[in-house]
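Hi everyone, thanks for making time.

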Amino acid sequence: MISKEIVIAGAGPAGLAAAIEAAKAGAKEVLVVDLNLKPGGQLFKQIHKFFGSSAHRSGTRGIDIGNQLLTEAKEYGVEIWVNSAAVGLFHDRIISIEKGLDSGEKELVNIQAQKIILATGASENVVRFKGWTLPGIMGAGAAQTMINVNRVKPGNKVVMLGSGNVGLIVSYQLMQAGCDVVALIEAAPKIGGYGVHAAKIRRAGVPIYTSHTIIEAKGTERVSEVVIAELDRSWNPIPGTEKVLEADVVTLAAGLKPISDLVRLHDLKCVYNAAFGGWVPKHDRNMESTQPGIYVVGDTTGVEEANTALEEGRLAGVAAAERLGYLTQTDASALKDDIWERLDGLRMGPFGEKRMVAKNQILAAFPECAK
Amino acid sequence: MDSKFDDDMLVCRCEEVTVGEIKEAIAQGARDVVGVKRRTRAGMGLCQGRTCEKMVQQILCQELGISPEEAGCSSIRPPARPITFGTLAGGMKE
Amino acid sequence: MALEECGYITREELEQFGLFPSEERFKQGPVAVIECIQEIPCNPCEAACPRNAIQIGAPITTLPMLNEKLCTGCGICIAKCPGLAIFTVDKTYSGDEATVSFPYEYVPLPVKDEIVEAVNRVGEVVCKGRIIKVLNPKAYDRTPVVTVAIEKEFADEVRSMKRK
């Protein structure tokens, strides 16, 4: 059986950051597997400039951060398998990979790893309304992949559901791609994402309907009309407030949920956390799960954003390298303290506080902290 | 609230399971996501519940007045992602 | 807060947060208007200003404050703001015209002397505008900055142009 020092599932910001940090500390056999054809995860869809401090390459576009990470990973000798999905996780840290070969064929490979880091990200939630399965209705992230990765317009007139940062940013990017955003619909009485993102699409002329929802999508071959209505305080549609919008695309930005297949498969202990998108694995301040030697980072441990994913990845990379003997306890502690300080900074302010509370709940649920 | 969700609305696209069928499963005694899955196959298709699991959870919460936590989550068995028989038959590289 | 319910900032809100430059300052020439009133973890504008006129400090969720005496209205911060929330306004451009510079990340870009429809914070056309310049140097990293001349009375309202 092949053996590796560290195997990382997922080559998004968290996985790549973990790999780079571990390799930088001296780890020699670091392998990252990703089921997509290109590494980088969601970063290559993020064509906007990121927020954050200079420590997080703020003001840099996600796509450029992705390229920087790939260059760094290469520099430190990190091995990346693309088109390769982690399909199994077993006792003694054996991970099964369906490896994509150059020939286009696939083969199953079992790897014995000393440390495993799960950075599998999150998947989009859907919303059900009458007609939600009509062609033209898709996740906002899917539409973003179409325009920013595949350069294909999903249609011309878009209704966006959900005003979190994903809904606001993807609305903006759809307009940059040449689509019209007919309306942004939000069930809550307030806009969920950052005001500056909302302001961008407002001055581009997009109306935002708060306290509204989609009642029905109509169409034969694909969606052609969207019926929206105002909601009362108990979230029930108010009869008589229906409006019909003409649209050929409906994008759903109703939040994400952590992808936890491998987590559940190997019985990593989880806890339910609504703020983080559902079931998330418990972990300690090293990002180590309830299964020794298996670390969890990024959206897998609760849906946040790219900057926190990067930092959590770095944390696990440092912790794994320390356990493998590549860092002294003193050096590792200093690195980890810096990362935690930056993470705390990212979880501040009115938008960060909820995530700070959620993360503290996860940490407190970890067996060793709870004793 | 419920009136807007017709019983013939699809919830699990892979296995073509409707709201009505899920409600029927609950009436038969399903109390969580796994219970609904066993009775209706919702979440057993190609996407393995990635799309419908949360909707099944919502219907359970709505019908039984339970929390999402109580509705639970789906059980997983390897392979965690769909793989072809050809790949499986190719055997495990040692 | 209008921003949370409707998605745009009002002048009153900016004044309330002390983010709207004084009339005296406007009389002296171009100045930055920072339309950022939510505490989000972000600080590139602070480092962007060559005259240290923008202060955030720690923690990075602190709102940016403009020292209007130090600000020259050069506009470097416009393209550096990831939220595209900084503008410069010059109310001294000419006898009856003011200019507004804003970030504009759409194609096609307007060209000099083109007449465009100037829009306010909710995308409503408020007046015609004449394009004075379009800057898109490498340092702006693909965030072009457009300067439009408009009738002076609309200087506090105009924040972009209608997409072509």
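What percentage of the 164 residues of chain C count as buried? For chain C that comes out at 45%. And before I go on, please keep in mind that this is a predicted model.

Let's stay with chain C for a moment. Chain C has 5 helices and 9 strands. If you read the elements from the N terminus, you get α-α-α-β-α-β-β-α-β-β-β-β-β-β. The radius of gyration of chain C is 15 Å, close to the 15 Å from the globule rule for 164 residues, so chain C is as compact as a globular protein of that length. Its C-alpha atoms fill a box of roughly 45 × 35 × 35 Å along the principal axes. One more number here: take the contacts in chain C between residues at least 6 apart in sequence, and 57% of them join residues at least 24 apart.

Okay, on to where chain C meets chain A. That contact takes 35 residues from chain C and 31 residues from chain A. On the chain A side, the elements giving two or more residues are α4 (165-176), α5 (195-203), α8 (329-346) and α9 (349-365). Of these, α5(A) gives the most, with 7 residues. By type, the chain A side splits into 14 nonpolar, 12 polar and 5 charged.

Now, how do α4(A) and α5(A) sit against each other? Their axes come within 9 Å and cross at roughly 35°, and the crossing is left-handed. From α4(A) you have Asn165(A), Leu168(A), Ile169(A), Ser171(A) and Tyr172(A), and they meet His197(A), Ala198(A), Lys200(A) and Ile201(A) in α5(A). The residues of that helix contact divide into 5 nonpolar, 3 polar and 1 charged.

Last stop, the sheet in chain A. It's an open sheet of 5 strands, ordered β8-β15-β9-β10-β11, with parallel pairing. β8 (137-139) and β11 (208-209) of chain A stand at the edges with a single partner strand each, so one side of each has no neighbour in the sheet. Further in, β9 (residues 157-161) and β10 (residues 180-185) of chain A run parallel and are joined by 5 bridges. If you want a pair to click on, Val159(A) has Ala183(A) in β10(A) as its bridge partner. And here α4(A) comes back: this helix packs on the sheet, touching β9, β10 and β15 (249-252) of chain A, and its direction makes about 165° with that of β10(A).

Notes: Residues numbered from 1 in each chain as written. Chains lettered and ligands numbered in written order. Predicted model: local features only at pLDDT ≥ 70, side-chain atom pairs only at ≥ 80, totals over all residues. Contact = placed C-beta atoms within 7 Å. Helix = DSSP H or I, 4+ residues; strand = E, 2+ residues; numbered from the N terminus. Nonpolar A, V, L, I, M, F, W, Y, C, P; charged D, E, K, R; others polar. Pairing = 2+ DSSP bridges. Axes fitted to C-alpha atoms, helices over the stretch in contact; angles between N-to-C directions. Rg over C-alpha atoms; globule rule 2.2 N^0.38 Å. Buried ≥ 20, exposed ≤ 12 C-beta atoms within 10 Å, placed from the backbone. Left-handed = near helix turned anticlockwise from the far one by under 90°.
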